[in-house]
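Happy to look at this one with you. Let's take a few labels in turn and ask what each of them rests on.

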Amino acid sequence: MAPRFDSVQQVRDGLKAVNYLADDGIAGVAFLADRLGKPILVEGPAGTGKTQLAKSIAEMTGARLIRLQCYEGLDESKALYEWNYKKQLLRIQADKNSDSWSDVHDDIFGDEFLLTRPLLEAITAEEPVVLLIDEVDRVEVETEALLLEILSEYQVSIPELGTITAKQIPMVFLTSNNTRELSEALKRRCLFLHVDYPQMDREKEIVLTKVEGITEMLADQIARIVRSIRQLDLKKAPSVSETLDWARTLVLLGLETIDAEQAKETLHVLLKYQTDIAKAAKELSID
Amino acid sequence: MLDLLSGFIVELRNAGLPVSLTENLDAMTAISHIPLEDREAFKYALGATLVKNHAHWRSFETVFEVYFSLRGPEYSITDGDGEGSVDDFLRQMQDAQMKGEGNGGAGGMDQLTPEELMNILMNALMNGDQAMMRALARQAVQRFAGMEPGRPVGGTYYLYRTLRNLDLDGMSEKLMEASRQQVGGELTKLEERLERDEYNHRIEQFKQEVEAEIRRRLVADRGAEAMAKTLRKPLPEDVEFMHASRDEMQNLKKALQPLTRKLAAKLARKRRHGRKGPLDFRNTVRHSLAYGGVPAEPKFKYPRPAKPELIVVADISGSVAAFARFTLMLVYALSNQFSKVRAFVFIDGIDEVTDYFKKTEDVSEAIQRINTEADVIWVDGHSDYGHAFEVFWEKWGKEINPKSSVILLGDARNNYHASQAWVIKEMKQKARKVYWLNPEPRSYWNTGDSIVGEYGVHTDGVFECRNLRQLEAFVEKLA
């Protein structure tokens with residue numbers, strides 16, 4: 001099948017058009033994933049736009065986004081497929097007398113009685129899709145194995161039906177907050193992308209594109225203050241989304257530049273621990 | 001190209017990165033899809049296929065720099081005589097510079113006096129001019145490092161020589177002064193801080209340029225393989241606590257936070273997913289009401305294993321201080337996984353430091369206070385395990401109960417004092433478990449004045465804990 005992207009630059013521009021500012025690494029890996037037909041494992045601190053990346057790629061390529069939110073206790077019937085048990089029962093009871101057993105047997109394990117869940121849905125989709133498997137580190141190691149077949153072969157084996165192979169290879173994103181080490185088998189099947197806090201210039205760009213009505217001056221100041229804060233030894237460094245929240249707050253307050261007093265008063269938008277706020281205020285000499 | 005890549009991958013494996021055969025093949029396929037002349041894209045293609053753990057990224061970068069630094073046109077080594085766009089640009093800049101000083105400039109940078117060079121550097125840093133900084137880095141290395149082919153010294157030596165001549169610390173101050181003048185007067189404290197961070201960032205960038213330049217020249221001199229070998233550094237999780245440099249310590253600290261998060265999640269999960277408990281009769285009956293009294297849905301009790309109580313007794317004398325600090329940090333970061341954590345530190349006297357951790361949420365601040373305030377010196381400030389244990393037993397011994405696990409940290413180098421190993425024996429009888437963690441390699445145990453064996457026989461196990469990997473394995477076992 002035809003590749004989605006022609007060049008890394010195209011990915012970058014395309015993402016920019018949907019308001020996602022990718023750096024070289026992000027665009028490059030997305031481009032490669034398409035060419036190699038491999039899933040991307042996106043890792044990094046919370047709030048740096050891992051999930052947003054998948055959404056933006058979907059928007060950019062005009063594909064439907066199918067999302068599987070992982071949690072502890074996720075199993076086959078929630079991730080892959082499930083037989084519609086009630087419907088099967090009805091079917092059996094509806095014509096108790098007529099059909100022979102083998103007819104009924106063949107019948108109740110047909111497509112009609114299959115409930116597709118996100119993974120199977122992504123495989124069977126006719127139109128282009130982007131599959132997002134969010135926070136994959138939350139499932140148990142055993143459940144991870146569920147994903148292996150679909151990630152490497154793009155197929156799902158259902159004992160009663162046989163193997164269902166993908167009609168087209170979807171773009172697959174797995175995100176992880178790194179709360180546990182993922183298995184080697186899973187990592188091996190993916191391209192690895194670490195999304196870190198952005199460089200100052202990129203963060204400024206992000207603020208400028210995402211926050212309406214912000215002045216260049218204010219965006220610059222915000223990016224610089226955030227960078228300084230991230231260098232401190234904090235419990236939780238401010239994420240990009242928190243930077244954006246802060247920028248929006250400042251814009252709502254009608255500010256065009258920020259001074260120490262205003263920074264101090266709004267710092268709680270950026271930092272979520274009292275000790276962190278105190279520390280930042282002290283370090284930046286704004287108390 | 002293939003040869004070069006396979007050499008590169010062998011080196012990655014030597015550096016400790018787990019690169020599998022399939023990943024190797026993926027890398028080969030990946031680079032066929034990207035334009036080879038684009039060095040950044042090339043790097044990310046290799047990175048995405050070969051490095052699957054962010055902690056390994058630095059090691060990857062180093063190896064990459066060594067193997068592929070020479071192979072870009074803009075990085076070709078030209079000794080001084082200007083060519084290429086960067087140098088042209090440089091000359092223009094220089095001309096502009098010279099005019100101001102009434103000194104009609106010509107030629108490459110070679111003719112500049114050191115003062116002029118410093119001025120240009122300062123300007124470049126002031127404006128954040130990347131191309132200029134790169135050119136200057138090259139010039140500085142050529143001028144100050146005094147590199148000679150075949151000389152058997154490491155890159156750090158050249159780096160030191162170059163930077164010594166540039167006086168970058170003074171530069172930071174000068175830059176601050178300049179920007180104060182630019183504004184015309186005083187900067188507010190916030191502005192000052194931001195400016196300083198900005199300049200430090202740029203100077204750091206410049207330093208990296210210098211380092212990269214030195215590395216390029218060394219590779220040209222010695223060949224990639226030999227160079228990679230000298231640069232090989234252990235991965236963060238393999239760095240030994242006892243011999244970590246300041247830089248490595250910083251990295252370890254950074255690695256600690258994700259590690260604690262990981263451990264906490266793991267421990268919580270482990271506790272929840274134990275065996276299933278016995279039938280919960282009351283609960284089953286209550287739910288049976290919904291089915292007209294038929295116990296259709298049996299309910300089970302979930303066992304709630306008691307969280308262990310932890311008593312940490314750590315030697316914080318010089319030789320093992322880093323290790324003790326680390327373990328305390330880790331334990332306190334995980335403190336919600338234990339019902340109670342108490343910490344004691346000693347050298348030859350012993351003091352309880354639990355309160356330091358209680359008063360502040362910031363573990364590193366607490367550690368700082370321990371170093372300065374804890375009363376741990378009794379006579380001379382040389383480790384005396386025997387005395388410390390004896391006092392511990394006298395003062396706090398009765399508070400040890402069957403729920404508490406005791407962890408003893410130290411190398412058991414007792415300076416030939418009496419061991420008082422009976423304390424550990426008594427302790428073992430009262431406590432749930434007694435463990436000893438030793439940051440020394442196993443082969444050093446019981447040599448010289450180390451008497452870890454004497455204590456060890458009374459404990460439930462002595463563990464070698466030289467690096468994060470081993471420490472992590474132990475903590476996981478503990479809870």
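A helix here is a DSSP run of H or I with at least four residues. Please keep in mind that this is a predicted model.

Q: How much of residues 189-216 of chain B is helix, and how far apart are the end C-alpha atoms?
A: The span is 100% helix and 0% strand, and its end C-alpha atoms lie 40 Å apart. The UniProt annotation, from an unreviewed entry, labels residues 189-216 of chain B "coiled-coil region".

Q: Why are helix 10 of chain A and helix 11 of chain A called oblique to each other?
A: The axes of helix 10 (residues 200-210) and helix 11 (residues 216-231) of chain A cross at roughly 135 degrees, coming within 9 Å. Over 145 would count as roughly antiparallel and 65 to 115 as roughly perpendicular. Helix 10 of chain A and helix 11 of chain A are therefore oblique. Their crossing is right-handed.

Q: What makes up the contact of helix 10 of chain A with helix 11 of chain A, by class?
A: Residues of helix 10 of chain A including Met200(A), Val207(A) and Leu208(A) meet residues of helix 11 of chain A, among them Ala219(A), Ile222(A) and Arg227(A). By class, this contact has 7 nonpolar, no polar and 6 charged residues.

Q: Which helix of chain A gives the largest share of the side that touches chain B?
A: In total, 32 residues of chain A are in contact with 32 residues of chain B. Helix 2 of chain A gives the largest share of the chain A side, 7 residues. By class, that side has 12 nonpolar, 9 polar and 11 charged residues.

Definitions and conventions. Residues are numbered from 1 along each chain as its sequence is written. Chains are lettered from A and ligands numbered from 1 in the order in which they are written. This is a predicted model: local features need pLDDT of at least 70, side-chain atom pairs count only at pLDDT 80 or more; totals for chains, interfaces and linings use all residues. UniProt positions are given in the numbering used here, feature names are shortened, and annotations may be inferred rather than shown by experiment. Helices (H or I, at least four residues) and strands (E, at least two) are DSSP runs, numbered from the N terminus. Axes are lines fitted to C-alpha atoms, for helices over the stretch in contact, and angles run from 0 to 180 degrees between N-to-C directions. Angles under 35 degrees count as roughly parallel, over 145 as roughly antiparallel, 65 to 115 as roughly perpendicular and the rest as oblique. A crossing is left-handed if the near helix is turned anticlockwise from the far one by less than a right angle, and right-handed if clockwise. Two residues are in contact if their C-beta atoms, placed from the backbone, lie within 7 Å. Ala, Val, Leu, Ile, Met, Phe, Trp, Tyr, Cys and Pro count as nonpolar, Asp, Glu, Lys and Arg as charged, and the others, Gly among them, as polar.
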